[in-house]
Amino acid sequence: LYNNKNLNHHEVKLWILNNTNERGLAGKIRDCFEKGYIIKNKKIKGDYSILKQDNFTKNDQYDLGHIDEDKTQIFVHVDTEKNPKFKTHIQEFLSFTGFPNKRIKYMTSWKLNQERDITIVIGSDWNEISNLNYCKESIN
């Protein structure tokens, strides 16, 4: 499904925040979003542009609320009622990551929408239930 679409993923403003104790995880996941990964001998193209990669901090908690560090959460900051075409980007994002739709929370404050379209807060389950498990090594 993911490779069948032709969207401009690089236009999606994406933040990756590490909410685990695993050092360098946000960078590893960023690499995956930018370069892709290999699953069952098939290369899944990574073509996202990442605006920020960092650890989840108190400032992020102020914006997003308390996040369970065991669970990866995806926040969408685009009002899909006003921008219905963005729903396709969300489905593409879920297809790329392998996370289910129930992981999405919508937070469409003006501040968050100005900074980014999607925030993914990586929890300790990141490699158990998603395609991000295939992001183990950098690919060119």
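Contact here means heavy atoms within 4.5 Å, and buried means under 20% relative accessible area, with exposed over 50% and partly exposed in between (1.4 Å probe, protein chains only). Helices (H or I, at least four residues) and strands (E, at least two) are DSSP runs, numbered from the N terminus.

Before going on, note that this is a predicted model, in which local features need pLDDT of at least 70, side-chain atom pairs count only at pLDDT 80 or more, and totals for chains, interfaces and linings use all residues. Residues are numbered from 1 along each chain as its sequence is written, and side-chain values use heavy atoms, with hydrogens and water left out.

**Stop 1: helix α1**

Stay with residues 25-35, the span of α1. Colour Leu25, Ala26, Ile29, Asp31, Cys32 and Phe33, which are buried. Then step just past the helix to Gly36, where phi is positive, at about 100°.

**Stop 2: the sheet**

Now show the strands in the order β4-β1-β7-β5-β6: these five form an open sheet with mixed pairing. β4 and β6 (104-106) stand at the edges with a single partner strand each, so one side of each has no neighbour in the sheet. From one strand to the next, the twist averages 20°. Axes are lines fitted to C-alpha atoms, for helices over the stretch in contact, and angles run from 0 to 180 degrees between N-to-C directions.

Zoom in on β1 and β7, which pair in the parallel sense over five bridges; two strands pair if DSSP finds at least two bridges between them. Select Trp15 and look across to Thr119, its bridge partner in β7.

**Stop 3: the disulfide**

Return to Cys32 and select Cys135 as well: the two form a disulfide, with sulfur atoms 1.9 Å apart. The rule asks for a pair of cysteine sulfur atoms within 2.5 Å, and by it the count comes to one disulfide. Cys32 lies in helix α1 and Cys135 in the segment after β7, so the pair ties together parts that are 103 residues apart in sequence. Look along the S-S bond of Cys32 and Cys135: the torsion is about -60°, so the disulfide is left-handed. Both Cys32 and Cys135 are buried.

**Stop 4: salt bridges**

The structure holds eight salt bridges, each a side-chain nitrogen of Lys or Arg within 4 Å of a carboxyl oxygen of Asp or Glu. Pick Glu22 and Lys28, whose side chains meet in one of them (3.4 Å, N to O). Glu22 is partly exposed at 31% relative accessibility, and Lys28 is partly exposed at 27%.

Move to Glu34 and Arg30, which form a salt bridge with the closest N and O atoms 3.0 Å apart. Both lie in helix α1, four residues apart, about one turn of the helix.

Finish with Arg116 and Asp63, joined by a salt bridge (3.6 Å, N to O). Arg116 lies in the loop between α4 (110-115) and β7 and Asp63 in helix α2 (residues 58-64), so the pair ties together parts that are 53 residues apart in sequence. Arg116 is buried at 0% relative accessibility, and Asp63 is buried at 17%.
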